[in-house]
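Subject: Model handover

Hello,

Here is the model for your files. Please open it alongside this note. My findings follow below.

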Amino acid sequence: MEKNIVIIGGGIIGLSTAYFLQKEGHQVTVVDKSNFSSGASYVNAGYITPSHFIPLASPGIMSKGLKWMMNPASPFYMKPRLNADFLKWVWAFKNSATKKNVEKGIVPLKDINLLSRELYEAMKASGDFSFHYECKGLLMYYKTDKAGEKEWQVGQRGIDEGLQVEHLSGEALKAIEPHVTLDVKGAVYYYDDAHTTPTNFMPQMVHYLKANNVTILANETVTDLEVSNKTIKKVKTNTRELTADSVVLAAGTWSPMLSKKLGLSLKVEAGKGYRINVERQTGISIPSVLCEAKVAVTPMEGFTRFAGTMEIGGINQNLNPVRVNAIAMAAENYFPDLKITAEEKAQAACGLRPLSPDGLPYIGKSKVCDNMIIATGHAMMGWSLGPATGKLVSEIIANKKSSLDLSPFHPDRTF
């Protein structure tokens, strides 16, 4: 049965949801406060990551965070502030940073990443797009034995979970990355990962949706939700009112502002990430993560992207040159023949990633509203999980059996 759907949020989650809903024959409207050309969906590392099955909230992360708080160039930086929502999130994050939480999250995160990879490949094969997509895996480079041992423990767990993982020496790396000089001891190679170029994919998705009767409303801010009997009757923007049978809340870090209008306190914090693009030959052909520095390196279509840092400091788009420089220095430390120029650093950009306290996204309906589906909180895996989230949301709206067990992602779960 055809429904009228309004999606709040035009990032990878919102657009992927629109894609699967229009395939089901629904009338879809996507509204976003931007012009569909910026934000985390455009500046991310472009990874599809079955390898990232360990939640951010894990044992030891709080002690590391406290240590790193003194260093503005650290990979993980949490700016303290006297804000009730922030303090509640920190408490929930602390409570989630346990071995039990990690064990509970491993299978759901692995499975939803694998589903998303399948969907990216199906979208690529469909003929609807011609976006860049490669499945070359992911190298986790390490410079110290301690980091290597820790990453190999994760790799061995990945093998137990059915992933293809190999531990490579520094000498073995020369055979698969012959055109770069590496200053590392070795790497853990996750063969199941893939990568794309976000700035190649997103415009194609917007173009496809417009060509297939999806209404795209750019530069419009949702200001209010008119609710009656636990049902959203109208979505109000700064220029119009929209009616809908179902509403999808996929507004990333801005989602809690709207969920509060329904009486739902959605715990989400903004985690700022940065990227530097190098638009010249680097010799890098396989995506990688620089383990100690927490920097992602992606050979994209026409350039190499260096992305990283997790800066939890509220919703703002301010660029911190110290953090930009930290990414550049890390890249040069692992790739000693690479020099990132002042001009390249000056063109850096940032985006805000929505962080849930336990490291799993929110996907599903809350008991507070009968016709809203929540789709946010994906943290660093928003790009990876976009298609899977869109597919799952479309199944919820159609009352179909879900491709995955949705209970780990329920928006009403407690921390």
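**Strand β15**

All 10 of the 10 residues of strand β15 (residues 269-278) are buried, so the strand is largely enclosed by the rest of the structure. Buried here means under 20% relative accessible area, exposed means over 50%, and partly exposed lies in between (1.4 Å probe, protein chains only). Strands (E, at least two residues) and helices (H or I, at least four) are DSSP runs, numbered from the N terminus.

Before the rest, the ground rules. This is a predicted model, with pLDDT of at least 70 needed for local features and pLDDT 80 or more for side-chain atom pairs, while totals for chains, interfaces and linings use all residues. Numbering starts from 1 along each chain as its sequence is written, and side-chain values use heavy atoms, with hydrogens and water left out.

Back to β15. Both of its faces are covered. One side carries Glu269, Gly271, Gly273, Arg275 and Asn277. The other carries Ala270, Lys272, Tyr274, Ile276 and Val278. In a regular strand the side chains alternate between the two faces of the sheet.

Which strands pair with β15? Strand β19 (residues 349-355) is joined to β15 by seven bridges and runs antiparallel. Strand β18 (residues 303-312) also pairs with β15 in the antiparallel sense, over seven bridges. Pairing requires that DSSP finds at least two bridges between two strands.

**Strand β6**

β6 (residues 138-142) is another buried strand. Five of its five residues are buried, so β6 is largely enclosed by the rest of the structure. Leu138, Met140 and Tyr142 lie on one side. Leu139 and Tyr141 lie on the other.

β8 (residues 186-190) pairs with β6 antiparallel, over five bridges. Met140 has Val188 as its bridge partner in β8. β16 (residues 288-290) runs parallel to β6 and is joined to it by three bridges. There, Tyr141 is partnered by Leu290. As background, strands of a sheet pair through backbone hydrogen bonds, either parallel or antiparallel.

β5 pairs with β9 (residues 194-196) over two bridges. Glu134 stands opposite His195 in β9.

**The β11-β12 loop**

Check the backbone here. Most residues other than glycine have a negative phi, and most peptide bonds are trans. Asn229 has a positive phi of about 55 degrees, though it is not a glycine. Asn229 sits in the loop between β11 (222-228) and β12 (231-237). Lys230 is found in the loop between β11 and β12 too. Phi of Lys230 is near 60 degrees, again positive in a residue other than glycine.

Lys230 counts as partly exposed, at 42%.

**Leu209**

Leu209 belongs to helix α8 (residues 198-211). Leu209 is buried, with a relative accessible area of 0%. What does Leu209 touch, not counting residues up to four places away in sequence? Its contacts (heavy atoms within 4.5 Å) are Leu15, Ala18, Tyr19, Gln22, Val214 and Ile216. Thr282 is 73 residues from Leu209 in sequence and 35 Å from it in space, C-alpha to C-alpha.

**Whole chain**

The chain has 12 helices and 21 strands. Its radius of gyration is 21 Å, close to the 22 Å that the globule rule gives for 415 residues, so the chain is as compact as a globular protein of that length. That radius is taken over C-alpha atoms, and the rule is 2.2 Å times the number of residues to the power 0.38. The C-alpha trace spans about 65 × 50 × 45 Å along its principal axes.

Of the 415 residues, 58% count as buried. Among contacts with a separation of 6 or more, 76% come from residues 24 or more positions apart.

Regards
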